[in-house]
Every structure is written in C-alpha cells, then in structure tokens.
Amino acid sequence: MSADVRVLVVEDEPLLAEAHRAYTERVPGFVVVGVAHTGRDAMAALRAGGGVDLVLLDFRLPDLHGLEVCRALRAAGSGVDVLAVTSARDLTAVRTAVSLGVTHYLLKPFTFAAFRDKLERYAEYRRQALAEGEVAAQHEVDRMFATLRGAAAHTLPKGLDEQTLHAVLAALDAEGRSAAEVGARTGISRVTARRYLEYLVSADRAVRAPRYGTPGRPEVEYRPA
C-alpha cells in the first residue's frame, strides 16, 4: 500500500483549486485524489471512499460553510484530518476550527513555502501518530504536538522570532525582494531583514539571487522557495 498522504482539495474557485492541487503535488509524499468545489461535493467524495487522509478545506464555499462540513464529518464519525485553507480571519472561526479537530489553519494569500511547511509538519506528525506501540514518556507526546503545531521559537537562531519570520516570508513574492524592500514591508531594519532572509535561505524556504540593472555592485534579492 502506498505511503503517500491522499488529499482531497475543497475550493470553490477553479483557479485556486488547481493551484492548491499543483502545490500539493509538488510536496513529496502527497497525492491529490480529488477536487471538490462545494461542501456537498466534498461530503459525497468522502462518503464514496477512496481513503482520503487529509482535506484541504476552504471555509467560504457556495453552499455550506467549511465549519459545517467539519461538523458533518465529525457527526458521521469521520476521523479524516482537515487543513483549513481560508481567508476567514475572525477568532470565532479559528476557535471553532480547533474544537472540531482542524490540524492546521492556513490564511490566504500564502506562499508555496508556507504551504509546504504545513504539509511537511503534518506528514511528520502523521508518521509519529501512526507508529506502532505506546509513547514511552511525556516528552514524546510533547514532540508530536510540537511537530503538528509548529516549531517553538527557541528552535530558531538566537535573536529571531517566529512571528517576524512569518512576516518576512509573507513579504516575499516571485518578483524578488531585497532586504531593504522586505524591511520596509515588515517595519524592521534592512540588517534585521537580511538576517531573517539568510535564515530562510539556509532552511530552503527562500532562494537568493543577484539583482542586476542597478548602479554599482549587484543587489541581492530573495524569492520564496
């Protein structure tokens, strides 16, 4: 049996649905087994079987709110994992998502690097959760939850914090941004922005390239990986 994580994409906008499908299949170990554009189509696809492991779920669907889809899944006894991929920013939706067992909450718009990070964390959590036997101690449970929810700030180099790191990553785009431009977008200094950008490059979450066409030495610009 394949070890790939089988994914159902639920997104009402066809272009976004295709983008999420393409993003998913760029991450090793994940395969898209279906795409649904409404909540009812998603429920039908899950009832039909096919061994879906993870649902990438938009909340703002034309027929049902994504949270209603989650409630229906849980009421039917489904333990399928759900990753919310949504523009819904109200805290009530976030709290409800947590109570319904949503494993991750990814806000639109996002970069491929941020998307990949969520899937890779989920895959590692799933690997640990599906292992045979019992946990030996509390630290093993803590490690599983830390893997799912994200690395703690202390895993970053000294002087870097998770919130600013995400802001810097979100400031990047395919056109390429210099450290000064990222600093202006995020409200931090150019020097600080460069520290975060170089960390992202070292973590394979951004790429660095020279920017030509300006006087003097080529400026360095950064893009999401």
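# Briefing: a predicted chain of helices and strands

The protein chain has nine helices and seven strands. Helices (H or I, at least four residues) and strands (E, at least two) are DSSP runs, numbered from the N terminus. This is a predicted model: local features need pLDDT of at least 70, side-chain atom pairs count only at pLDDT 80 or more, and totals for chains, interfaces and linings use all residues. Residues are numbered from 1 along each chain as its sequence is written, and side-chain values use heavy atoms, with hydrogens and water left out.

**Overall dimensions**

- Taken along the principal axes, the C-alpha atoms of the protein chain fill a box of roughly 65 × 45 × 40 Å.
- Of its 225 residues, 41% count as buried. Buried means under 20% relative accessible area, exposed over 50%, and partly exposed in between (1.4 Å probe, protein chains only).
- The accessible surface of the protein chain is about 12,200 Å². Carbon and sulfur atoms account for 55% of that surface. Areas come from the Shrake-Rupley method with a 1.4 Å probe; for residues, only the protein chains shown count as cover.
- Take the contacts between residues at least 6 apart in sequence: 60% of them join residues at least 24 apart. Contact means heavy atoms within 4.5 Å.

**The sheet**

- Five strands form an open sheet in the order β2-β1-β3-β4-β5, with parallel pairing. Two strands pair if DSSP finds at least two bridges between them.
- β2 (30-36) and β5 (104-107) stand at the edges. Each has a single partner strand, so one side of each is left without a neighbour in the sheet.
- From one strand to the next, the twist averages 20°. Axes are lines fitted to C-alpha atoms, for helices over the stretch in contact, and angles run from 0 to 180 degrees between N-to-C directions.
- Strand β3 (residues 54-57) pairs with strand β4 (residues 81-86) in the parallel sense, over four bridges. Leu 57 has Ala 84 in β4 as its bridge partner.

**Helices across the sheet**

- Helix α1 (residues 14-25) lies across β1 (5-10), β2, β3 and β4. It runs at about 165° to β2.
- Helix α2 (residues 39-47) lies across β1, β2 and β3, at about 155° to β1.
- Thr 24 is found in α1. At 0% relative accessibility, Thr 24 counts as buried.
- Leaving out residues up to four places away in sequence, Thr 24 touches Val 7, Phe 30, Val 32, Leu 56, Phe 115 and Leu 119.

**Helix α4**

- In helix α4 (residues 91-99), the buried residues are Ala 93, Thr 96 and Ala 97.
- They cover an arc of only 105° around the axis, which puts them on the same side of α4. The arc is that of the directions from the helix axis to the C-beta atoms.
- These buried residues of α4 pack against α3 (66-75) and β5.
- On the other side of α4, Leu 91, Arg 95, Val 98 and Ser 99 are exposed.
- Gly 101 follows α4 and has a positive phi, near 85°.

**Helix α7**

- Glu 162, Thr 164, Leu 165, Val 168, Leu 169 and Ala 171 are buried in helix α7 (residues 162-171).
- Their cover includes α5 (112-129), α8 (179-186) and α9 (190-202).
- At the start of α7, a side-chain oxygen of Asp 161 reaches to within 2.8 Å of the backbone nitrogen of Thr 164.

**A cis peptide bond**

- Most peptide bonds are trans.
- The bond from Lys 108 to Pro 109 is cis, with omega near -10°.
- Pro 109 lies in the loop between β5 and α5.

How values were computed:
Polar contact = N/O pair within 3.5 Å; in protein donor to acceptor, adjacent residues only side chain to side chain.
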